[in-house]
Amino acid sequence: GTTRERLALDSLARAIMTRRMRHIYSHLGSGIRVRVNAAFVVLAAIAGRGKRCAAELFRTFDFSLAALPKLASPPRDTRAKEGAIVKRRKEPKDVMSGSTRRAFCEFVLAFFTVKDRALLRPVLAQRVLFGNVARFIAGDEAEMQLRVLRVIEDDVMSNEIGVPARLRAALFGDVSLEQLATIAGQSEDAHAGDGKAALAAT
């Protein structure tokens, strides 16, 4: 858009952060999926506007909200029981129509899109964010898994970024590592399925 449009949107983002966060928290705590998703869409749009907006949102947002871990969890009817095979969920293209987890992940990933190294470490250290993304990633759709794996490769594990080893270890506890191992198994199963299909076709 034009410079005027960008300035107007930046001004709107700042107005929301300074005067409307109570309304955002009300939506997040409402228990109504559409309202929750709408709040996350607004938050993701603000964080994705650039380094300044992302940093201001990170300073402003109340990460102690009790609803966040629940909103980051997959829908109850798709959670795998202990020992069961984790299957990927299919989400609609429209974030508003999807699960609150999908909208939460979009919110979290928006902080990484601005490529602000100064913000990266505090975002990763805020465990309610990326920690809750990684905790259930094996059940997410393949496109979301790929985006999260890119963040891990480019922003977490890259030696150029310099994330402390202690923070990396905190992010990847037993649950997260199990999720990553499950994703690897899903990829192997998909390749095996493709091979069987190719053999059947010959």
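**Figure 1. Nine aromatic pairs turn up in this structure, which is a predicted model.** Here we zoom in on phenylalanine 40 and phenylalanine 104. Their ring centres sit 5.8 Å apart with the planes at 80°, so this pair is edge-to-face; the cut-off for that label is over 60 degrees.

**Figure 2. Phenylalanine 112 and phenylalanine 130 make another edge-to-face pair.** Centre to centre it's 5.6 Å, and there are 65° between the planes. This pair also links distant parts of the chain: phenylalanine 112 belongs to helix α6 and phenylalanine 130 to helix α8 (residues 130-135), 18 residues apart.

**Figure 3. Who else does phenylalanine 130 touch?** Skip its neighbours within four places in sequence, and phenylalanine 130 is in contact with Val108, Phe112, Leu124, Val148, Val151, Ile152 and Leu171. Phe112 in that list is the ring partner from the previous view.

**Figure 4. Ring pairs join a set of aromatic residues into a cluster.** The members are Tyr25, Phe40, Phe58, Phe61, Phe63, Phe104, Phe107 and Phe111. Phe40 and Phe104, the pair from the opening view, are among them.

**Figure 5. The largest nonpolar core holds 54 residues.** In soluble globular proteins, nonpolar side chains tend to be buried together. Within this core, Leu28, Phe40 and Phe130 touch the most other members. Helix α6 gives the core its largest share, nine residues.

Figure 6. Helices α3 and α5 (68-71) are the elements that give two or more residues to the lining. What is the lining made of? It divides into seven nonpolar, five polar and four charged residues.

**Figure 7. Glutamine 179 is found in helix α11 (residues 174-201).** With 13% relative accessibility, glutamine 179 counts as buried, because the cut-off for buried is under 20%. Leave out its neighbours within four places in sequence, and glutamine 179 is in contact with Ala134, Arg135, Phe136, Ile137, Ala138 and Gly139.

**Figure 8. Leucine 146 lies in helix α9 (residues 142-156).** Leucine 146 has a relative accessible area of 43%, so it is partly exposed. Its C-alpha atom is separated by 10.0 Å from that of isoleucine 183, 37 residues apart along the chain.

**Figure 9. Stepping back, the protein has eleven helices and zero strands.** Read along the sequence, the pattern is α-α-α-α-α-α-α-α-α-α-α. Take the contacts with a separation of 6 or more: residues 24 or more positions apart account for 71% of them.

Terms used
Residues numbered from 1 in each chain as written. Predicted model: local features only at pLDDT ≥ 70, side-chain atom pairs only at ≥ 80, totals over all residues. Heavy atoms only, no water. Phe/Tyr/Trp six-rings, centres within 6.5 Å; stacked < 30°, edge-to-face > 60°. Helix = DSSP H or I, 4+ residues; strand = E, 2+ residues; numbered from the N terminus. Core = buried A, V, L, I, M, F, W, Y, C linked by side-chain atoms within 4.5 Å. Buried < 20%, exposed > 50% of the residue type's maximum accessible area, 1.4 Å probe, protein only. Contact = heavy atoms within 4.5 Å. Nonpolar A, V, L, I, M, F, W, Y, C, P; charged D, E, K, R; others polar.
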